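Take a look at the model below.

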Amino acid sequence: MLTDVIAALSTPPGRSAIALIRVSGTGAHDVAASVLPSFTVDPPRSTRLSRVVDPRTGERLDEALYVVYRGPESYTGEDMVEVSTHGGVLVPAEVLAALFAAGSRAATPGEFTRRALANGKLDLLQAEAVGDLTAATAPAQRRAALGQLDRGLSRLIGGLRERVLELEALCCYDIDFPEEDSGPIPVERIDAAIAALQHSITLLLDTAAEGERLQEGAICVIAGRPNVGKSSLFNALLGRDRAIVTDVPGTTRDAIEAHATCDGFPFRLIDTAGLRESDDQVEQAGIEVSHKYLSAADVVLLCVEAGSGLSTSERDFLTNAGAPVVVVRTKADLLSGGSPGQSYGEEAILVSAYEGTGLATLRRKLAAFAFSSLGSRGDIEPLITRERHRIALEQAHREIVAFADARAAGLDGVVAGTHLRAAVTALDDVIGVVSTEDVLARVFATFCVGK
Ligand SMILES: Nc1nc2c(ncn2[C@@H]2O[C@H](COP(=O)(O)OP(=O)(O)OP(=O)(O)O)[C@@H](O)[C@H]2O)c(=O)[nH]1
Ligand SMILES: [Mg+2]
């Protein structure tokens, strides 16, 4: 692992009041001292004001605040300096160039966090949580990321790992001391430990579907006949006019996607072409796209105009849908008195995109449908949010099953024990005890420089 001095802008470029530049590595203090004439290390972790100069010319570039960290007490675990310069396009770029001239180089994406990982300041799950927190758009994502950053998931998986090791120890004891006074370990005790472990891993795996959905946003497809008000509802849920609305049936031709937060949970809302038989080639293509999205949906909003009955095709839709369907009665403002119309099983949600009525109820319902188990579990319990976690846990589970099978088949304890070793390795992979370059590259692929 390189420990040379890296520097990067940690705030987005562009006009802003302040920009933060990070410098880290062996010699980071010397680099910073070249551009900050009044630089002192002691006491570390306190804020000081200094002129910032170009070391090549001595020209003043800015007046900035800086904080010095002495490794290992820093984010990366190395010597670090954070300089808060004035923002904008020019000053931060000039200060950064001065830092490069003083002997640092540009950090690669995620390099600060990678160093934190290499120096044991964070484990791989925490590094992922840093990325998740900065990418979060919905409060539920923030809560999950903070929990993971607090090592909630690391501790849970570390606990599972301990239990596999204990199981291995129990079996080794059986092999090494079969004639001990205390007698062999009762078979039931080992069987119970295996069953309990499998159960715990399964419970964690059960969080994967909604955990991964939390990461990506739940796919919510808005469907229904042409002109029922799908695009209007889509815009109302987004709070901006994203899709075209007209009174011409068949207005929306393609699927339109946008991110939205409903009741604190992330969604990918998809407005689609109205479902009907059409001779129009373009519209027909749009309808095919609608079907494709419907098959990938986590939840479907079936829009039916308030007051009108469900058609046969809508009833078919309800019975054949692969995802939970929320029936929405649209254009509630046009309903004068009468009944909103039957909803078949589900209580109808009456909405008006024009007046905004029913939208809050609808958002709550969407969150309850797409994140039912997360909602009921609360935020305390760790969950897995990535395919990477799921694949490794499935592997650990398979190895424990294979271990149980090998024992049942009367296989030699040492041979059976290799499955437990493999289970430990799989769990280690999740926490990132030893991570290969390709795993790291994938985890850090989405990081920006300066993180
Ligand atoms: N009164 C009233 N009219 C609405 C409401 N929502 C939509 N409309 C009207 O209904 C018509 C169709 O609205 P759209 O949102 O384009 O309907 P759509 O389902 O997306 O239609 P297609 O894309 O053609 O399938 C427009 O004239 C809208 O102004 C509503 O809440 N109240
Ligand atoms: Mg439309």
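Helix α9 (residues 230–238) gives the most to the shell around ligand 1, namely three residues. Helices here are DSSP runs of H or I with at least four residues, strands are runs of E with at least two, and both are numbered from the N terminus. In total, 22 residues surround ligand 1; a residue is near if its C-beta atom, placed from the backbone, lies within 6 Å. The closest are Gly229, Ser231, Ser232, Thr252 and Gly274.

This is a predicted model: local features need pLDDT of at least 70, side-chain atom pairs count only at pLDDT 80 or more, and totals for chains, interfaces and linings use all residues. Residues are numbered from 1 along each chain as its sequence is written, while chains are lettered from A and ligands numbered from 1 in the order in which they are written.

Now the sheet. Six strands form an open, mixed sheet in the order β8-β9-β7-β10-β11-β12; strands pair if DSSP finds at least two bridges between them. β8 (256–262) and β12 (349–350) are the edges, each with a single partner strand, so one side of each lacks a neighbour in the sheet. α9 packs on this sheet, touching β7 (218–224), β8, β9 (265–271), β10 (299–305) and β11. Contact requires C-beta atoms, placed from the backbone, within 7 Å. β11 (residues 325–330) and β12 pair in the parallel sense over two bridges. Val328 has Ile349 of β12 as its bridge partner.

Elsewhere, α4 (residues 124–135) and α5 (residues 139–149) have axes that come within 8 Å and cross at roughly 155°. Axes are lines fitted to C-alpha atoms, for helices over the stretch in contact, with angles from 0 to 180 degrees between N-to-C directions. The two helices are therefore roughly antiparallel, a term for angles over 145 degrees.

Conventions: Angles under 35 degrees count as roughly parallel, over 145 as roughly antiparallel, 65 to 115 as roughly perpendicular and the rest as oblique. Two residues are in contact if their C-beta atoms, placed from the backbone, lie within 7 Å.
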